[in-house]
Structures are given as structure tokens and as C-alpha cells.
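Please examine the sequence and the model shown here. The paragraphs that follow lead from the chain as a whole to one pair of its elements.

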Amino acid sequence: MNDQPEKFFLFHKQPDPAWSRRKTVLYYAYHAVLLFAASIIFGLFLLLLAVGPYPQAVFQGYFSQWTTILLNSLPPALLVLLAYAVSGRAWAGFLLGGTAAFCLSLGNFFKIQFRDDPLFFEDMFNLRE
């Protein structure tokens with residue numbers, strides 16, 4: 001006899017093969033929505049890091065319009081969801097996508113601090129410098 005109470009099906013670590021298709025789809029959708037929300041919040045923290053030594057610019061510029069917040073926090077969220085879709089695990093998706101977004105934000109932070117110039121996609125080709 002199991003002394004632990006039965007967990008709600010959304011809180012299981014893996015879906016049970018005996019579940020109906022509806023329950024399995026709901027399980028994966030629940031995890032994707034939670035992961036998306038966590039990565040949006042992570043993207044907001046990365047937005048604070050990405051401005052470099054000018055934190056006043058964040059509050060005056062970035063948080064004045066919702067479209068700016070959405071467009072800056074959506075790429076980390078999409079990276080996390082893509083990594084979740086590839087790996088099938090929420091922790092691995094957040095780790096892979098979050099690490100990639102964090103590295104780009106950290107690179108932008110140091111480039112702004114040292115050269116007073118933001119990180120562009122063309123700068124990826126000059127990583128050896």
C-alpha cells in the first residue's frame with residue numbers, strides 16, 4: 001500500500017502511458033505554458049542585464065511601451081520553447097535556451113561597457129577577436 005497521496009496528473013514528472021490522449025496533451029500544454037511564463041520573466045531580467053551600465057535607460061525606454069517589453073523578452077522565450085520541443089524535458093529546455101539567451105545578453109553587456117556599442121548579429125562572426 002502506498003502511503004503517499006496520489007498526485008494531480010499535471011504534477012507528474014512524466015506522462016503515464018495509460019492516460020487518455022486529452023490528458024497527455026493537457027499535460028504537455030501545461031508544462032509549455034509554465035515554461036513560457038518562466039522564460040518571459042527570465043527575458044525581463046536579461047533585459048536589465050543587456051543595457052550595460054545604463055540602468056536608467058531601461059526604466060525610461062524599455063518599460064514605457066508593452067511592445068518593447070514583448071519584443072525583447074519573446075526571443076528568450078522562443079529559444080526555451082524550441083529547446084523544450086527538441087529535448088522533451090522542461091529543465092533541459094530552460095537550461096539550453098536560457099543559457100544561450102544569457103550568453104548573448106552577457107556579451108551585449110560587456111560590449112556596451114567596453115565599446116559603448118550594442119551587440120549585433122555580425123559580431124558573432126568576430127568571436128575569436
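**Contacts, fold and a helix pair**

Among contacts (heavy atoms within 4.5 Å) in the protein chain between residues at least 6 apart in sequence, 48% join residues at least 24 apart. This is a predicted model, in which local features need pLDDT of at least 70 and side-chain atom pairs count only at pLDDT 80 or more, while totals for chains, interfaces and linings use all residues. Residues are numbered from 1 along each chain as its sequence is written, and side-chain values use heavy atoms, leaving out hydrogens and water.

The protein chain contains four helices and zero strands, where helices (H or I, at least four residues) and strands (E, at least two) are DSSP runs numbered from the N terminus. Along the sequence, the pattern is α-α-α-α. Of the 129 residues in the protein chain, 26% are buried, that is, under 20% relative accessible area with a 1.4 Å probe, protein chains only.

Two packed helices are described by the angle between their axes and the distance between the axes. The axes of helix α1 (residues 21-50) and helix α4 (residues 90-115) come within 9 Å and cross at roughly 15 degrees; axes are lines fitted to C-alpha atoms over the stretch in contact, with angles from 0 to 180 degrees between N-to-C directions. Helices α1 and α4 are therefore roughly parallel to each other, a term for angles under 35 degrees.

Which residues of α1 and α4 make the contact? Among them are L35, F42 and L49 of α1, and F94, F102 and I112 of α4. The residues of this contact of α1 with α4 comprise 13 nonpolar, four polar and no charged; Ala, Val, Leu, Ile, Met, Phe, Trp, Tyr, Cys and Pro count as nonpolar, Asp, Glu, Lys and Arg as charged, and the others, Gly among them, as polar.

Definitions and conventions. Buried < 20%, exposed > 50% of the residue type's maximum accessible area, 1.4 Å probe, protein only. Parallel < 35°, antiparallel > 145°, perpendicular 65-115°, else oblique.
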